[in-house]
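Take a moment to turn the model around on your screen and follow the chain from one end to the other. Then read on, and we will visit a few places together.

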Amino acid sequence: VVLGIDREGEKQLLGLWIGEAETEGAKFWLKVLTDLKNRGLKDILIACCDGLKGFPQAIEAVYPQTQVQLCIVHLMRNCMKYVPWKDRKAVAKDLKPIYQAATLAESEAALDAFAEKWDEAYPAISQIWIRHWEHVIPIFDYPMEIRRVIYTTNAIESLNRSLRKVIKTKAVFPDEAAVCRLMYLAMNNIAKKWNRPIKNWRAALSHFAILFPERFAI
């Protein structure tokens with residue numbers, strides 16, 4: 001499922017594809033993004049994803065100007081996999097200054113401080129951030145109040161939870177078309193409840209106009 005935010009700050013369901021995104025990687029996402037472009041999606045300013053395999057490479061091929069922002073919530077969850085329960089609260093607290101820093105320089109300093117404190121116990125965590133750093137830092141182009149609009153996939157996670165509830169009501173589907181029909185009807189019903197723009201959208205628009213002057217005008 002691909003969910004977009006239009007110029008008015010309203011959520012728009014852009015499509016549903018059935019496939020093995022995790023195993024096919026860039027090939028799968030290239031097909032999805034090419035389909036979107038062929039259907040008239042001319043540009044994407046920022047694409048927030050949860051570390052999808054092959055997604056950055058695919059979007060660079062189809063929408064080369066798009067900023068790819070890694071979902072910070074998913075990044076934190078991934079880090080917590082390496083931490084026993086007794087240290088999770090402390091580790092999460094020390095990771096916060098990295099993504100809540102006012103500037104990129106402060107964020108880099110916070111990452112260095114985290115590595116110095118925790119690398120001996122959990123070396124994988126700082127390496128995760130370093131490995132994905134290119135797709136962590138786009139948020140620092142924006143003020144605090146609109147970063148949450150950009151760095152989380154909560155909206156699509158909520159949609160996916162609702163769709164899973166619908167699917168559970170059916171034990172068996174005769175074919176792929178039956179799955180698509182049920183999902184389509186469910187998504188339409190869910191979309192009817194989206195009746196207001198997302199929070200802080202006006203502030204986000206102003207920043208988009210400054211950062212993307214050739215591609216976005218208010």
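Predicted model: local features only at pLDDT ≥ 70, side-chain atom pairs only at ≥ 80, totals over all residues.

N200 sits in the loop between α11 (176–191) and α12. Helices here are DSSP runs of H or I with at least four residues, strands are runs of E with at least two, and both are numbered from the N terminus. Most residues other than glycine have a negative phi. With a relative accessible area of 32%, N200 is partly exposed.

Residues are numbered from 1 along each chain as its sequence is written, and side-chain values use heavy atoms, with hydrogens and water left out.

Now step back to the whole protein chain. You can find twelve helices and four strands in it. The radius of gyration of the protein chain is 19 Å, close to the 17 Å that the globule rule gives for 218 residues, so the chain is as compact as a globular protein of that length. This radius is taken over C-alpha atoms, and the globule rule is 2.2 Å times the number of residues to the power 0.38. Along the principal axes, the C-alpha atoms fill a box of roughly 55 × 45 × 35 Å. Of the 218 residues, 38% are buried. Contact means heavy atoms within 4.5 Å. Among contacts with a separation of 6 or more, 62% are between residues 24 or more positions apart.

The chain is divided into two parts: domain 1 (2–71 + 152–212) and domain 2 (72–132). These bounds come from an automatic or database domain assignment. How far apart are the C-alpha centres of domain 1 and domain 2? They lie 27 Å apart. Where the domains touch, eight residues of domain 1 are in contact with six residues of domain 2.

Both domains also share in the second largest pocket, whose lining draws at least three residues from each of them. A pocket is found on a 1 Å grid over the protein atoms alone, with a 1.4 Å probe: it is an open set of points with protein on both sides within 12 Å along at least five of seven lines, and lining residues have an atom within 4 Å of a point. About 220 Å³ of space lies in this pocket; grid points are joined across faces, edges and corners, and the volume is the space filled by probe spheres set on the points. The lining includes D50, G51, L70, H74, R77 and H132. Helix α4 (residues 72–80) gives the most to this lining, with four residues.

One of the lining residues, L70, is found in strand β4 (residues 67–70). L70 has 7% relative accessibility and therefore counts as buried. Not counting residues up to four places away in sequence, L70 touches C49, D50, G51, L75, H132, H135, V136 and Y151. The C-alpha atoms of L70 and I150 are separated by 9.2 Å, although these residues are 80 apart along the chain.

E157 has its place in helix α10 (residues 154–168). Is E157 buried or exposed? At 14% relative accessibility, E157 counts as buried.

Our last stop is F208, in helix α12 (residues 201–211). F208 is buried too, because its relative accessibility is 6%. Beyond its neighbours within four places in sequence, F208 is in contact with L45, I46, Y142, W201 and F216. V62 lies 146 residues from F208 along the chain, and their C-alpha atoms are separated by 20 Å.

How values were computed
Buried < 20%, exposed > 50% of the residue type's maximum accessible area, 1.4 Å probe, protein only.
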